[in-house]
Amino acid sequence: MKKETRKAVIAGNWKMNKTPAEATELITAILQANEGADNSGCTVVACVPYVDIDAAVKAAKGTFLKIGAENCHWEKSGAYTGEISADMLVACGVEYVIIGHSERRQYFGETDLTVNRRVKAALEAGLKVILCVGELLEQREQGITSEIISMQVKIDLAGVTAEQMENVIIAYEPVWAIGTGKNATADEADEVCGGIRATLAQLYGPALAEATTIQYGGSMNAKNCAELLGKVNVDGGLIGGAALKAPDFTTIISAAR
Ligand code: PGA
């Protein structure tokens, strides 16, 4: 299977931005900016804060735009104050969920073991998972990027079946590139995304590895998206800052198409 046969996926990660009213406004602007475009070549997702889900699902209803969440808990219900279960997201009309974002790992004590539990719970609930992996600047400087990424992929996907992998997208997000305006070069992104594909081949065989969508994320924007998305192992993007501006997000979607 070649890059052209893999589904390109562009996902916005809104992080802790936008009220429900602002979410409706931004989604309406994204839909307007994409009016008349052929959406067959690219899946587009907006991953929004929990409180915006209802407004976002309503605003995107019947359109090409899918709605995602930014995290979920691994238990179905119970005494987990402040948490949201995968089943709750499904009940609200959510189709995608980001798991293991580096901001969760850095600021909220997320580990590969908890990421793995969340990935499995999300898949069991029927969500599509955008699993984030990425190295720290020190790790890149120590020359251990490929080992770190391979370890994250292996632990985060432990117990995930080949069948479930159809609903998994992997996002390579070097931590030093997120929100810094300093993106990985297209060649660096391609090399690590290719390494992720090699790890998937070890775990699940080459056909599944070739079929899996692997995104790059970290300061992808309207200017650098075409070069990054043109790389053979980069099948899409996970976009933070630029996803909050309808024209920039639309430029990135167009590049992926
Ligand atoms: P950024 O964020 O595009 O603002 O760097 C990407 C992400 O954190 O997913």
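In this predicted model, Asp235 and Arg197 are both buried. The two residues form a salt bridge, with the closest N and O atoms 2.8 Å apart. Asp235 lies in the loop between helix H10 (225–229) and strand S8 (236–239), whereas Arg197 belongs to helix H8, so the bridge ties together parts that are 38 residues apart in sequence. The pair also takes part in a network of salt bridges that links Arg6, Arg197, Glu210 and Asp235.

Helix H8 itself covers residues 186–204, 19 residues in total. From its first C-alpha to its last it reaches 26 Å, close to the 27 Å expected at 1.5 Å a residue. Besides Arg197, the buried residues of H8 include Asp190, Cys193, Ile196 and Leu200. Gly205 follows the helix and has a positive phi, near 100°.

The count of salt bridges in the model comes to 13. Three of them are set out below.

| Salt bridge | Closest N and O atoms |
|---|---|
| Asp235 and Arg197 | 2.8 Å |
| Glu103 and Lys15 | 2.8 Å |

Glu103 sits in helix H4 (residues 102–107) and Lys15 in the loop between strand S1 (8–13) and helix H1 (20–33); the pair links distant parts of the chain, 88 residues apart. Glu103 has a relative accessibility of 22%, so it counts as partly exposed. Lys15 is likewise partly exposed, because its relative accessible area is 21% and the buried class requires under 20%.

Lys76 is exposed, at a relative accessible area of 57%, while Asp87 is partly exposed at 32% relative accessibility.

The strands form a closed barrel of eight, in the order S1-S2-S3-S4-S5-S6-S7-S8, with parallel pairing. From one strand to the next the twist averages 25°. Ala69 stands opposite Val97 in S4. Helix H5 (residues 112–124) packs on the sheet, where it touches S4, strand S5 (128–133) and strand S6 (168–172). The direction of H5 makes about 165° with that of S5.

Definitions and conventions. Residues numbered from 1 in each chain as written. Predicted model: local features only at pLDDT ≥ 70, side-chain atom pairs only at ≥ 80, totals over all residues. Heavy atoms only, no water. Helix = DSSP H or I, 4+ residues; strand = E, 2+ residues; numbered from the N terminus. Expected span 1.5 Å × (residues − 1). Buried < 20%, exposed > 50% of the residue type's maximum accessible area, 1.4 Å probe, protein only. Pairing = 2+ DSSP bridges. Axes fitted to C-alpha atoms, helices over the stretch in contact; angles between N-to-C directions. Contact = heavy atoms within 4.5 Å. Salt bridge = Lys/Arg side-chain N within 4 Å of Asp/Glu carboxyl O.
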